[in-house]
Amino acid sequence: MKGLAKMVWDFAEALKKHGNDGFKAVTVAQYADRMSKCTSCEHFTERQSCGLCGCRMPVKARWRTSICADNPPRWVNTNGKGKEGANTDSSDGV
Ligand code: SF4
């Protein structure tokens, strides 16, 4: 688990990406697929957070710019930017 300061910084970075994407959400099907993968993941916690990045997954999974914190990611962003920002620094954290 990351420290609080890193989590706050990563949230700010993720929010910036989300804003640059027009605050667009994934489709209902994409959201369901992401949450299905998270809830069956060993890193998913009782608080509905990711144990790797500390992100609240019901929030993070809605954003098109989000990407799974695992390496390799179990799901990727859907904003047409490929795996940009994937996992090397967890800068996609929410
Ligand atoms: S973001 Fe990835 S690593 Fe984290 S709980 Fe979801 S599937 Fe697991």
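Let's call a residue buried if 20 or more other C-beta atoms lie within 10 Å of its own, exposed if 12 or fewer, and partly exposed in between, with C-beta atoms placed from the backbone. On that count, 29% of the 94 residues in the protein chain are buried. This is a predicted model, where local features need pLDDT of at least 70, side-chain atom pairs count only at pLDDT 80 or more, and totals for chains, interfaces and linings use all residues. Numbering starts from 1 along each chain as its sequence is written.

The protein chain has three helices and zero strands (DSSP runs, H or I of at least four residues for helices, E of at least two for strands, numbered from the N terminus).

The largest nonpolar core holds nine residues, Cys50 and Met57 among them. Such a core is a set of buried Ala, Val, Leu, Ile, Met, Phe, Trp, Tyr and Cys residues joined through C-beta atoms within 7 Å.

| Residue | In contact with |
|---|---|
| Cys50 | Cys38, His43, Phe44, Cys55, Met57 and Ala69 |
| Asn79 | Asp21, Arg64 and Thr65 |

Cys50 also belongs to the shell around the ligand, along with residues including Lys37, His43 and Asp70.

Asn79 sits in the segment after helix 3 (57–60). Why does Asn79 count as partly exposed? Because it has 19 C-beta neighbours inside 10 Å. From C-alpha to C-alpha, Asn79 and Lys24 are 8.7 Å apart in space, yet 55 residues apart in sequence.

Methods. A residue is near a molecule or strand if its C-beta atom, placed from the backbone, lies within 6 Å of it. Two residues are in contact if their C-beta atoms, placed from the backbone, lie within 7 Å. Lists of a residue's contacts leave out its neighbours within four places in sequence.
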